[in-house]
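Student: Could you show me how to read helix features in a model like this one? I would like the general idea before each case.

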Amino acid sequence: MIDNFSIAHQYFEAWNTQSSEQLTNLFDPDVKLVDWNTKATGIDAVVLANENIWKDVPDINATVIDIGTSHANRAYCHIIIKSESANLNFSVIDVLSIRNDKIYRVDAYHNQS
């Protein structure tokens, strides 16, 4: 069994290297993504949603500031999203829900004010 902290780090490594294969390996088949722009359910749809972000903003990057884990099988991740080409620089909280060493839900929140 892999600890949730390590799974969260693997997730952001896969995201920053834009590796669909690594994300697929981390996700539960029924994974659900909910963020401020999109919702997707199922591994193919969630991977595609990430691929679309990478296509639209090729230089996007998530810098991990802090990761906390809970006994409820969640990783609470404070990240900074940056992209020079899209002029992005904002703070996000990702909540990764994990069971059986797979991410089954990603909830992403950011302050839109």
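Tutor: Let's start with a pair: H1 and H3 are oblique to each other (under 35 degrees is roughly parallel, over 145 roughly antiparallel, 65 to 115 roughly perpendicular, and the rest oblique). This is a predicted model, where local features need pLDDT of at least 70, side-chain atom pairs count only at pLDDT 80 or more, and totals for chains, interfaces and linings use all residues. Residues are numbered from 1 along each chain as its sequence is written, and side-chain values use heavy atoms, leaving out hydrogens and water.

Student: At what angle do H1 and H3 pack, and how far apart are their axes?

Tutor: Two packed helices are described by the angle between their axes and the distance between the axes. Here the angle is about 45 degrees and the axes are 11 Å apart (lines fitted to C-alpha atoms over the stretch in contact, with angles from 0 to 180 degrees between N-to-C directions). Tyr-11, Ala-14 and Trp-15 of H1 meet Asn-50, Ile-53 and Trp-54 of H3, contact being heavy atoms within 4.5 Å.

Student: Which residues are buried in H1?

Tutor: An α-helix has 3.6 residues a turn, so residues three or four places apart point the same way. In H1, the buried residues are Asn-4, Ile-7, Ala-8, Tyr-11, Phe-12, Ala-14 and Trp-15 (buried is under 20% relative accessible area, exposed over 50%, partly exposed in between, with a 1.4 Å probe and protein chains only). They fall within an arc of 160 degrees seen down the axis, so they line one face of H1; the arc uses directions from the helix axis to the C-beta atoms.

Key
Helices (H or I, at least four residues) and strands (E, at least two) are DSSP runs, numbered from the N terminus.
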